[in-house]
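Work through the exercises below with the sequence and the model at hand. Try each task before reading its solution.

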Amino acid sequence: MKALIALLAAFALSGCSTLYSQPEVEMSHTPVVNLPSVQSQTVQNGSIYQAASYRPLFEDYRARLVGDTLTVSIVEKVSATQTSTSELSKSGSLAAGVTALPGIAPNSFGRASAAASSDNTNKGKGSNQNTNDFSGTITAVVTAVLPNGHLMISGEKQIGVNHNVDVLRFSGQVDPRAIGSGNVVPSASVANVRIEQRGRGNVSNAHAVGWLSRFFLNLAPS
């Protein structure tokens, strides 16, 4: 019996250590981008200028090759509003009576009458509003160059403070003509944008719905 209690206690302690493990920043780097191989150009003349080793003295640096970095200014604001109003009104009336019958005195039908009326009114009004605002800055890496010159970029940022980790991921397709000075491009000029922001730790767990609450929510009628 004592051995069984000790085994259950050890199992409970191991379960607690697993359930309440502290989140940590993933220190392993993302896979290195494989740069395309460049064939070495041999010198064909004695000129001072050589295309193989040319580097301009003055250049406004902008990402254009695989492996280059690009700063993305994330400014995403989406707002949607929907309003619906409906009104239905219907009314009706009915009256019937008997005034005379052959062989019966007319004064016998003083109360032989019937009347009915109906009135139905239905009003409905609904409003739905959704607003999302996301801002930030992330530096992404050019992972591929499309045949039309557009750049495929991808970047990730992880910040861990007091056992709380915030993860930000960004990817998309950039037209080099949209890159401004300082090698910065706004997220509104990036096509096929994928943005993910999530957290791990006590702060995110406080906003999460527990498994027991999710169980009863699944049983509750919608």
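The exercises go from the whole chain to single residues.

This is a predicted model, in which local features need pLDDT of at least 70, side-chain atom pairs count only at pLDDT 80 or more, and totals for chains, interfaces and linings use all residues. Residues are numbered from 1 along each chain as its sequence is written, and side-chain values use heavy atoms, with hydrogens and water left out.

**Exercise 1. The whole chain**

Task: State how many helices and strands the chain has, and in which pattern they follow.

Solution. Step 1: helices (H or I, at least four residues) and strands (E, at least two) are taken as DSSP runs, numbered from the N terminus. Step 2: counting these gives 3 helices and 6 strands. Step 3: along the sequence they read α-β-β-β-β-β-β-α-α.

Task: Find what share of the chain counts as buried.

Solution. Step 1: buried means under 20% relative accessible area, exposed over 50%, and partly exposed in between, with a 1.4 Å probe and protein chains only. Step 2: 14% of the 222 residues count as buried. Step 3: the accessible surface, from the Shrake-Rupley method with a 1.4 Å probe and, for residues, only the protein chains shown as cover, comes to about 17900 Å² for the chain. Carbon and sulfur atoms hold 56% of this surface.

**Exercise 2. Strand pairing**

Task: Describe how β4 pairs with β3 and with β6.

Solution. Step 1: two strands pair if DSSP finds at least two bridges between them. Step 2: β3 and β4 are antiparallel, over 11 bridges. Their hairpin has 2 residues between the strands, and Asn162 there takes a positive phi near 50 degrees. Step 3: β4 and β6 are also antiparallel, over 9 bridges. Step 4: β4 is mostly covered, with 8 of its 11 residues buried.

**Exercise 3. Salt bridges**

Task: Which residues form the network of salt bridges, and how many salt bridges are counted?

Solution. Step 1: a salt bridge is a side-chain nitrogen of Lys or Arg within 4 Å of a carboxyl oxygen of Asp or Glu. Step 2: this rule gives 4 salt bridges. Step 3: Glu196 meets Arg169 at 3.3 Å, N to O. This pair links distant parts of the chain, with Glu196 in β6 (residues 190-200) and Arg169 in β4 (residues 164-174), 27 residues apart. Step 4: Glu196 also meets Arg198, at 3.0 Å. Step 5: the network consists of Glu156, Arg169, Glu196 and Arg198. Glu156 also has Arg169 as its bridge partner in β4.

Task: Are the partners Asp175 and Arg177 buried or exposed?

Solution. Step 1: their side chains meet in a salt bridge of 2.9 Å, N to O. Step 2: Asp175 has a relative accessible area of 19%, so Asp175 is buried. Step 3: Arg177 reaches 72%, so Arg177 counts as exposed.

**Exercise 4. The nonpolar core**

Task: Identify the residues with the most contacts inside the largest nonpolar core.

Solution. Step 1: a nonpolar core is a set of buried Ala, Val, Leu, Ile, Met, Phe, Trp, Tyr and Cys residues joined through side-chain atoms within 4.5 Å. Step 2: the largest one has 15 residues, and Leu70, Val72, Ile153, Phe170 and Val174 have the most contacts inside it. Step 3: β1 (69-97), β2 (113-145), β3 (151-161) and β4 each give two or more residues to this core. Step 4: for general background, nonpolar side chains tend to be buried together in soluble globular proteins. Step 5: contact means heavy atoms within 4.5 Å. Residues that Ile153 touches, leaving out those up to four places away in sequence, include Leu70, Val72, Phe170 and Val174.
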